[in-house]
Amino acid sequence: MKNILSPFTALCSVGFFARLSYALARSPVLPLFALYLGAGPEAIGFAVGISTVTGIFFKLPAGALSDVIGRKRTMLIGLVVFAVMPFAYVWVKDYSLLVVIRFLHGLATAIYGPVAMAVVADIAGKNKGEMLSWFSSVTIIGNLLGAPLGGFILHSTPGAAGPSLLEFRYAYLASGVAGVLSLVVALSVLRGDKVQEKGRGLKEAYKRFSSGIKEVISDRNVVIISGMEGLQNLTVGALEAFLPIYAVTVAGLNEFQAGLLWGVQVIVTILSKPIIGKTSDRHGRKPLISIGMVLCAVSFGAIPLFQSFYTLMVCAIIFGLGESFVTSSSAALVADICKEKHFGTAMGTFGTIFDIGHATGPILAGILLASHSYLFSFWAMSALLLLATPIFVMTVKVHES
């Protein structure tokens with residue numbers, strides 16, 4: 001397999017199975033499982049957000065560590081978590097254990113995510129926007145398949161009032177199988193890692209580790225650009241948690257339709273990301289980030305206005321397009337302004353702020369929904385994106401070729 005797959009194709013193959021595994025364990029399965037276990041809105045939001053909290057603590061160290069010990073070794077650590085953790089859900093019978101497992105499962109994307117992006121940035125040269133977008137689009141096909149597949153597994157019993165505990169277990173077993181496949185492919189293709197610090201002492205390795213972190217996080221542009229991605233992911237996290245709940249309990253749709261709503265948003269992102277990424281390489285990244293923020297804010301705020309499957313699908317399509325505008329440009333813009341030797345640290349910083357937004361989204365939405373309507377809650381979060389956009393435009397000063 002090593003001779004058949006190019007490095008980029010190998011990364012995409014591993015990423016596909018990893019993301020399929022994670023998507024099967026997440027939306028719509030996770031929020032519906034928390035609901036099945038008796039959780040209220042705040043608790044559902046916390047269960048969805050807690051795995052992303054893991055990324056807040058571990059993405060930056062993982063990215064920086066990959067700059068020191070090598071990308072592939074660090075990636076394999078994350079892929080082991082992808083392969084092992086889904087099987088732990090089979091033993092869940094109460095909400096508390098679900099939260100613990102979700103936190104540990106978050107180590108998978110926390111370690112793997114920024115390192116994989118750093119590898120792509122290493123080999124992309126001047127085409128970072130296009131290459132990062134292609135990588136993201138190919139790997140999130142797993143997300144596209146995972147959401148409706150999870151919904152289908154939960155909805156597979158004709159005439160049932162709702163998913164049973166057994167059907168939730170089937171969904172997580174499927175997640176585990178995909179995670180194992182990801183690790184198997186990785187062990188076959190990810191070889192020959194070059195250790196950056198070979199022959200140097202531990203003190204020198206730590207010095208490089210810490211100096212890289214200080215250099216990246218002291219750059220105001222990196223922090224602000226990452227913050228825009230984090231705010232956009234505030235709404236992504238909220239949708240992951242509460243679009244399935246809204247679809248099933250308010251709009252009267254079934255679990256499979258709830259999964260399709262998330263899936264159509266993902267497929268729009270997949271199809272549009274490479275095109276938008278290439279556009280950002282040629283014409284600049286800031287305008288595309290701004291447009292994407294507005295599209296996400298408007299479509300997210302419109303969701304509570306509708307209950308029809310098809311109108312909700314239109315909202316999901318527009319949201320997916322807006323997400324593509326933001327994510328195709330923001331990671332590439334961060335990579336543009338960082339030194340090559342700190343790509344891992346830069347992607348770790350970016351991923352940490354990304355995860356702060358992703359984790360805060362479902363938690364904030366759950367708190368708002370506990371005492372307010374969907375309309376108020378979603379509009380309040382949309383307003384944050386709209387207010388942040390002009391601040392980003394006026395504050396970030398970068399020279400784009």
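In which helix does H358 lie?

1. H358 lies in helix α14, which spans residues 343–371, where helices are DSSP runs of H or I with at least four residues, strands are runs of E with at least two, and both are numbered from the N terminus. The model is a predicted one, in which local features need pLDDT of at least 70 and side-chain atom pairs count only at pLDDT 80 or more, while totals for chains, interfaces and linings use all residues. Residues are numbered from 1 along each chain as its sequence is written, and side-chain values use heavy atoms, with hydrogens and water left out.

2. The chain holds 15 helices and zero strands, and 58% of its 401 residues count as buried (under 20% relative accessible area, with exposed meaning over 50% and partly exposed in between, for a 1.4 Å probe and protein chains only). Among contacts between residues at least 6 apart in sequence, 85% join residues at least 24 apart, a contact being heavy atoms within 4.5 Å.

3. With a relative accessible area of 10%, H358 is buried. Its side chain makes a polar contact of 2.9 Å with the side chain of E240 (a pair of N or O atoms within 3.5 Å, of which, within protein, one must be able to donate a hydrogen and the other to accept it, and residues adjacent in sequence count only if both atoms are side-chain atoms). Leaving aside residues up to four places away in sequence, H358 touches R26, T52, G230, N233, L234, V236, G237 and E240.

4. Helix α10 (residues 220–249) and helix α12 (residues 286–302) have axes that come within 11 Å and cross at roughly 25° (axes are lines fitted to C-alpha atoms, for helices over the stretch in contact, and angles run from 0 to 180 degrees between N-to-C directions). That angle makes α10 roughly parallel to α12, given that angles under 35 degrees count as roughly parallel, over 145 as roughly antiparallel, 65 to 115 as roughly perpendicular and the rest as oblique. On the α10 side M228, L231, Q232, T235, A238 and L239 take part, meeting I289, M293, C296 and F300 of α12. By class, this contact has eight nonpolar, two polar and no charged residues (Ala, Val, Leu, Ile, Met, Phe, Trp, Tyr, Cys and Pro count as nonpolar, Asp, Glu, Lys and Arg as charged, and the others, Gly among them, as polar).

5. The same helix α10 also packs against helix α13 (residues 309–336), at an angle of about 155° and with the axes 10 Å apart, and the two are therefore roughly antiparallel to each other. The contact is made by V222, I225, S226, E229, Q232, T235, V236, L239 and Y246 of α10, together with L312, F319, E323, V326, T327, S330, L333 and V334 of α13. By class it has 10 nonpolar, five polar and two charged residues.

6. T269 is placed in helix α11 (residues 255–283) and, at 2% relative accessibility, counts as buried. A polar atom of the T269 side chain lies 3.0 Å from the backbone oxygen of G320, and T269 touches S137, I140, G320, E323 and S324, not counting residues up to four places away in sequence. The C-alpha atoms of T269 and S136 are separated by 9.2 Å, although these residues are 133 apart along the chain.

7. A cis peptide bond, with omega about 10°, joins S27 and P28, and P28 lies in the loop between α1 (7–25) and α2 (29–36). Most peptide bonds are trans.
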